[in-house]
Amino acid sequence: MAGTAARRVLAGAVALLVVLAAAAAAALLFLPRIVETAALWGLDAAGLDGALAVEAVDSTTLVLRDVRIGGDEPLRARRVTVAYSLAGLARKRIDTVDVEGGSVTASLGPDGLHVPALDPVLGGGGDGGPGWQVRQVNLDGAGLTLRTPWGGLSSQVDGGVALPAPQVFEGVFTFTGRADGMGRGAFPLAGRLAFRIAGSEVEQLDADIDAQAPPLPGVHARAARLRAAIEGGRLDSALEVQAEEGEARARFEAPMPLGLTPATIRGHGRLAGTWHRSLGEGVPTPLSLDLPFYAEDGSLFAQGHLDHGQGRVGLWTEARVPPGLTLAEATWILFAEGDAVPGLVPGLADPARVTLNARLEGPHMTVDGRAGGAFGDLRLSALVPVAEMLAGRPWRVAADLAADLRPSATLPLPGPVAMRGGGALTAERAALGADLTTPWFTARVDAETPIMAEPRVAATFQGRTRKGLLAALPQAVAFAGKASHGAGKVALDATATLPDGHGNLTARVQADLTGGSTLGAVKASGDVAADVKGLPVAALDGPVTLAGRFKAGLAGGVLRLDLDGPLDLAGPDLKARATDGQVPAVEADLTAKAPAARIALDEVAGKVKDLPLVARGLDLRLTADDAQWDGVTLSHGAKPALFAPLRLAGKVGWKGGPLTFAAKASAHTGRAVVEASGRHDPATGAGAAQVVLHPMTFLPGLLQPRDLSPQYGRLLDKVTGGLAAKGPVRWSGGALSSDLDVSAEDLSFTAEGTRVDGLSGRVRVTRPWPLATAPDQTLTARLIDAGLPLADARLVIGVSDQGHVRVAEVSAGFAGGRLHADGLDLDPASGRQDLKLNLSALNVTNLLEVAKLDDASGSGVLEGEVPVTLENGELTIAGGVLATRAPGVIRYAPAVPPPALQGGGQGVSLMLSALKNFHYDAMRLTLDGNLSKDLTAVLHIEGRNPEFMDGYPFEFNLNVSGALGQLLRQGLATYHLPENIGRSIQGGGKP
């Protein structure tokens with residue numbers, strides 16, 4: 001029995017061991033799941049959302065993966081390894097935490113560093129007991145997002161922090177990332193940080209941080225480096241900034257611990273910097289600052305200077321806060337005096353002496369500043385209730401300001417400008433009121449804006465222009481309006497009332513600044529209108545209206561006003577329109593040294609002394625010194641046009657005295673170009689210009705006068721040769737004068753049936769309009785053929801100031817002889833002009849050739865005088881006689897008689913037989929009648945043919961009638977003889 005019982009006990013023990021072994025194996029198998037569940041329960045008990053997976057666990061190590069702890073800003077990690085001891089876990093102590101990958105968000109504020117995902121765990125247990133303690137944390141490629149009052153930081157962090165003893169922290173971190181400088185843009189940041197902190201004291205620190213292009217206010221920084229070290233109880237820190245404008249350096253040394261109140265801080269340092277690039281137009285370089293300072297026992301003292309190449313500003317400041325007192329009870333003094341930096345204030349680049357006194361004592365600070373120089377005087381004084389501000393009580397800063405400006409070399413005012421006013425600043429609002437007195441107007445401006453609420457500026461203004469500001473408006477013009485700015489929106493509503501009921505001008509503008517805080521974000525639109533009636537201006541002698549809408553934007557310092565529909569200007573003899581095309585209606589460059597603007601109009605139409613003109617594509621660029629235009633097409637607004645469309649470009653300058661200008665006009669794709677440059681004094685109305693008409697070459701198919709003047713150029717055809725002009729043109733009191741040298745070179749053309757070849761010469765024009773020339777100007781031509789072929793023509797002519805054309809001499813070769821006249825005075829006001837043409841040595845053979853009488857020849861010469869009368873545009877000859885002085889011969893033996901002589905009977909046969917070898921004793925040609933209508937020419941010949949009828953004497957009288965040009969072009973032989981041949985041809989005696 002005993003053996004059996006023993007065996008049963010042994011078997012039971014074995015079975016129990018097997019069960020225990022199985023239970024242990026099951027526990028080990030399910031331990032990760034149990035730990036995971038327990039961890040999630042623990043996170044939930046701490047008030048956190050969480051997710052994790054246990055990869056491995058034993059009595060000393062826990063490995064977690066895919067960890068997420070926290071709600072809105074969770075802590076994430078790819079893998080977390082936790083090392084511990086069982087005894088440490090019981091006391092909420094962990095030896096090390098190694099974090100691989102992942103990310104965490106933290107914030108740094110006045111109450112310390114917080115990790116939102118872990119604050120409930122690290123700050124205390126879920127049961128209200130103490131929080132967990134971690135002796136060492138190691139980070140491997142962790143992403144850190146840090147928020148601070150000065151901006152944000154996103155970086156990759158490697159390193160760790162350890163707690164070798166209670167209240168002792170040691171750590172080393174390296175990081176690379178990007179920081180956000182208070183919303184002004186992100187920039188790269190990298191560095192290394194090593195530290196040891198015992199209690200509240202920093203025993204050791206070694207920091208070296210580099211930033212690339214940090215957004216520092218006022219400069220374009222390229223890089224910045226901060227180095228700080230704490231060793232042996234002293235702080236040594238240095239900051240270096242490299243910028244496009246220059247560099248700056250700051251250094252501060254102090255014993256540790258560093259005092260945290262004004263009365264306990266100690267140390268000394270130096271602030272220095274050099275600007276190599278100008279801070280503004282006209283600001284000299286280099287500009288350097290040197291300001292040593294020290295602080296001890298509640299006192300801060302600094303004394304240095306600012307050098308700007310053309311002078312120095314001395315700086316001195318002292319502040320003292322006695323122990324136990326606050327800043328509200330401090331005494332602080334700042335004094336600056338010296339030569340102002342030229343160009344630092346736009347428009348005030350003249351040398352100036354500046355002083356600034358500021359004193360804080362007790363509850364108030366007084367500020368007085370002044371700047372004086374050639375530009376005038378600026379003054380400011382204010383009383384600042386510092387104690388009330390610091391105590392949070394209602395406060396009010398009162399200030400007075402004044403300015404007296406006068407014209408100077410760099411401030412081009414037309415006269416003195418004065419401003420007197422004052423302002424008040426409270427915690428709720430700021431207000432300013434000022435009276436302006438200028439040479440152009442006087443006005444009162446009042447403005448205010450809330451401080452703590454959403455900023456909104458509301459301003460009203462009213463004033464009057466100076467009397468006589470415009471010659472057309474000797475009376476004052478009243479104006480008034482209001483402006484407001486708030487919620488990124490700007491509104492302006494202004495009206496100007498013209499005197500004596502002449503009308504008014506209105507403008508309304510709405511601007512949107514919500515795209516950013518700078519002026520570059522301006523987006524504006526509005527409308528402008530004008531209703532002007534009966535202004536005493538010659539060019540606007542009647543009602544004038546202007547209406548249109550526009551939209552505006554400011555980008556990169558360039559203001560653009562684009563039309564939001566057409567802009568129309570209408571008035572007597574004037575019409576202009578601009579539409580929303582590709583070119584802006586107005587474009588102004590606010591970044592230029594002087595204001596610059598661009599104005600574009602599609603079309604401007606008007607009259608100048610009853611001459612209708614149309615300008616298209618006007619693109620005008622304006623600055624404070626000049627105006628320029630290009631691409632303008634000027635046309636005559638009638639058909640046929642007086643001149644062809646002209647392409648205009650030019651510039652007018654008004655800086656420093658009379659107007660200066662340069663202009664260029666080209667026509668027919670640049671084949672005709674005129675340039676002019678000169679000066680004009682608006683005060684006297686006098687000026688002068690140098691004018692050049694570049695040489696023009698006329699060729700059929702290339703350039704003809706009708707290409708330059710459709711109205712008058714069509715009178716000339718088949719033009720070749722060159723034309724040029726140059727010389728000064730002057731004006732004074734509305735009168736013109738000139739000394740233009742106009743030259744013609746080998747000009748040939750046809751005009752109303754007259755052919756001119758080889759016209760050359762120079763004419764001195766003494767007045768361009770109405771035209772006047774110097775007397776006795778000479779022109780020559782190889783040939784002038786108006787039916788009468790005139791060779792080697794010479795014309796000596798002049799146009800008087802009264803418009804009389806004085807022909808001193810006219811001469812030309814004709815029919816082997818010479819045609820000559822002189823002393824002709826053509827008065828446009830006179831209805832009748834008389835001229836005597838003297839003809840000498842006209843060769844009979846040449847005359848027969850001119851008459852185109854074939855198979856005719858002869859000998860001898862004709863001479864005489866032909867009186868010519870010009871009346872009402874008609875040329876008339878009365879009693880013109882040409883005769884021979886010696887006998888000669890005429891031979892006419894046509895193989896076939898001309899049609900006019902065929903069938904003429906016996907009388908014609910006798911005449912033709914006699915003319916075969918007719919020896920004349922006398923020949924005379926008489927001319928009478930109108931040259932273009934009914935000119936009558938009678939040719940009388942006396943003589944004989946020794947080979948016909950035994951030399952019987954004959955007298956021939958040949959009467960012909962008709963237009964002289966047609967008569968000479970077709971030849972005498974083409975005219976019919978009179979019907980009664982017996983009366984027209986007489987021979988031997990009278991039949």
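Welcome! Phe 918, Phe 948, Tyr 952, Phe 954 and Phe 956 come together in one aromatic cluster, where rings of Phe, Tyr and Trp (its six-membered ring) pair if their centres lie within 6.5 Å. This is a predicted model, in which local features need pLDDT of at least 70 and side-chain atom pairs count only at pLDDT 80 or more, while totals for chains, interfaces and linings use all residues. Residues are numbered from 1 along each chain as its sequence is written, and side-chain values use heavy atoms, with hydrogens and water left out.

**The whole protein**
- The secondary structure comprises 9 helices and 61 strands; these are DSSP runs numbered from the N terminus, with helices being H or I of at least four residues and strands being E of at least two.
- Of the 991 residues, 34% are buried (buried means under 20% relative accessible area, exposed over 50%, partly exposed in between, with a 1.4 Å probe and protein chains only).
- Among contacts (heavy atoms within 4.5 Å) with a separation of 6 or more, 38% join residues 24 or more positions apart.

**Aromatic pairs**
- The whole structure holds 9 aromatic pairs.
- One of them, Phe 441 with Phe 479, is edge-to-face, at 5.7 Å centre to centre and 85° between the planes (planes under 30 degrees apart count as stacked, over 60 as edge-to-face and the rest as tilted).
- This pair links distant parts of the chain, as Phe 441 sits in strand β26 (residues 441-450) and Phe 479 in strand β28 (residues 478-486), 38 residues apart.
- Phe 441 counts as partly exposed because its relative accessibility is 25%.

**The largest nonpolar core**
- This core has 40 residues, and Leu 839 and Val 866 have the most contacts inside it; such a core is a set of buried Ala, Val, Leu, Ile, Met, Phe, Trp, Tyr and Cys residues joined through side-chain atoms within 4.5 Å.
- Strand β43 (residues 686-698) gives the core its largest share, 5 residues.
- Beyond its neighbours within four places in sequence, Leu 839 is in contact with residues including Phe 814, Leu 819, Val 866 and Leu 882.

**Around strand β39**
- Asp 626 lies in strand β39 and counts as buried, because its relative accessibility is 12%.
- Not counting residues up to four places away in sequence, Asp 626 touches Arg 621, Lys 651, Val 652, Gly 653 and Trp 654.
- Leu 642 lies in the loop between β39 (626-636) and β40 (646-653), and counts as partly exposed because its relative accessibility is 30%.
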